[in-house]
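Here are a few friendly notes to read alongside the model.

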Amino acid sequence: MTPVMNFFKRYPIVAITLVMLVIVLGLVALGQNNIAQWVASAYVLVIVAITTVDMAKDIMRGHWGLDILAVVAMCAAVAVGEYLAALIIVLMLSGGEALEDFAANRAKAELTALLDRAPQVAHRSRSHDASSSPNPANPANSPNSAEEVTEDIPVDQVQVGDILLIKPAEVVPVDGELIEAEAQFDESSLTGESLPITRRAGESVMSGALNGQRAVHIRATATAADSQYQRIIALVQEAEEQKAPTVRIADRFAVPFTVVSLGVAATAWWLSGDPVRFAEVLVLATPCPLLIAAPVAFMGGMSRAAKSGVIVKGGATLEGLAKAASVGFDKTGTLSYGQPTIVRIDTASNIAEDELLRLAASAEQYSSHVLAAGIIQAALERKLALSPGEDAEEIATNGVAAKVDGRQVVVGKLSFIQQTDPQAVSAALQPGQTAVSVAIDGRFAGNIVMADALRSNAAATVGALRDEGIKNVAMLTGDNEETAQALAAQATITQVHAHLLPQDKVHLVAELPKPAIMVGDGINDAPVLAAADVGIAMGARGSTAASESADVVIMRDDIGKVAQAVTIGKHTYTVALQAIWIGIILSMGLMLVASFGYIPAVAGALTQELVDLACILYALRALTGGTKHVVEL
């Protein structure tokens, strides 16, 4: 299909209007002014009828739009014989869609780039045993040590354990672990990190990362559907489908702008006694800046955020970030690193310390809690052999119970263990520490004391949010009061709510000043992220459930991105409003000049096109700036 045919198909009204304009100008050149006027007027009235029907439907849905000005302007121009001006108004209104598409495509370039980069093919190596353990130091086990046979397969056919070849400058198709001794990857499109990242053998490689200058091999650790990049693609698609809150913003100006414009036009007619003056004023009151500039700005803000590793699901979310009055933070994995380490183990019976840790870690294999990961990691570091469990059951926010080596093991909160043995006692904790209690065969066996450090930029992030006008900052956590208070003090947070269940967080975030932001990362945070006015998920290591229920997903493990998301939201919203006001002020100024007869109708219609262009170009400022509070790790 030729570009011309494609344009006609995509923008039929614009194309037909251009053809009509050529015909009318040709008739005028031939001296057939009457025929030109009849042809142009008939066409304009058809467009008026179509626009009126659409406008009526909008009004019936409760949306008072700005099309009434365009309809009145076209009718007035036809009535006073300014048929060329009427045609230009039609071209301006219909061409606004094409102009908006162009500007929106420019604005959402980063979002589109993410979608366009999605790999469709993977190179699977058949020369290696996927079950073998890679040893980069052993050349015999290197993928490059023998003749390699690869096959290209659709990326959705990749299975866990497959060995994949990643060619130079190629996008990693699925999550995997590196087999080579060392390789560099560009993760900027995922995390906003501008410098290449060096990965070593056994380390995770994210799908969507761009390989460096040499071919490498990875072992797939997830299918395409479960990989990080596919999660991002799904989030981006959801973001693109969301509409910017253009209707709400435009509606604030629609009625006043319409009333004032009609008033100026009517006054000019009354004072001059010339109905042409009415049309000359109204051709400068067309609403394109109000209808186009705002969505372009919001799309630009979403694209700017994506470039920084922050996926924002729609313009309404940007507005929520811009107007936020309060922020609630989860603690573990959000304000803290979410990688607790064991400080000490207090045994309460004759059981050995390592055996207590081994049994607890064996049971914790069936828990999704971040503390469980720390206990398991500590046991593995001590080279303790974990056993499989039977009849394992995790009780959300409390703990886990399982039969291990024939012994009943219960691990979790002290209150949970006391249901098994009321004699269980708490551990002596220093600020910032927490304890996991253990019961074996119905008797309290001891406490595992752990600590999770506050993120190095947590306090700076809270300070940046306060600088943006969000004075109400709270911590909402299920952890104990002492640990919560200690970490909150380090983060300069004074409002602390501890010992919370997921439903408690939902109730508390509802009581925060509106609009309220909630930041979390775990499965148990999904309800409160959905309940908040703006839910922000730490998606780099957080749960899929949290990411799906959130309005904003941070793709880099950096709490500072929360402050950056807020500043981008504020910048975007400011640019959108400024673009609208530029259109209004320019239009009003030109209308006042036209009311004295200094701007003919045709010149006014053409001038209004320049106003539209100025507003849209200004709205594209949302693509830059708004990052003054980036907090580095």
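This is a predicted model: local features need pLDDT of at least 70, side-chain atom pairs count only at pLDDT 80 or more; totals for chains, interfaces and linings use all residues.

1. Leaving aside residues up to four places away in sequence, I517 touches L321, A324, S326, V327, G328, V534, I536 and V566.

2. Now to the core around that residue. The largest nonpolar core has 56 residues, and I517 is among the members that touch the most others, along with L321, F329, I493, V519 and I536. Helix α22, residues 560-595, gives this core its largest share, nine residues.

3. Please look for another core too. Apart from the largest one lies a core of 49 residues, which includes Y43, A73, L87 and F253.

4. How many aromatic pairs does the structure hold? There are two. In one of them, the ring centres of W269 and F278 are 5.5 Å apart; the planes meet at 55°, which is between 30 and 60 degrees, so this pair counts as tilted. W269 is partly exposed, with a relative accessible area of 40%, whereas F278 is buried at 14%.

5. F298 and Y573 also make a tilted pair, with 6.4 Å from centre to centre and 50° between the planes. F298 sits in helix α11 (residues 288-307) and Y573 in helix α22, so this pair ties together parts that lie 275 residues apart in sequence. Both F298 and Y573 are buried.

Methods. Residues are numbered from 1 along each chain as its sequence is written. Side-chain values use heavy atoms; hydrogens and water are left out. A nonpolar core is a set of buried Ala, Val, Leu, Ile, Met, Phe, Trp, Tyr and Cys residues joined through side-chain atoms within 4.5 Å. Buried means under 20% relative accessible area, exposed over 50%, partly exposed in between (1.4 Å probe, protein chains only). Helices (H or I, at least four residues) and strands (E, at least two) are DSSP runs, numbered from the N terminus. Contact means heavy atoms within 4.5 Å. Rings of Phe, Tyr and Trp (its six-membered ring) pair if their centres lie within 6.5 Å; planes under 30 degrees apart count as stacked, over 60 as edge-to-face and the rest as tilted.
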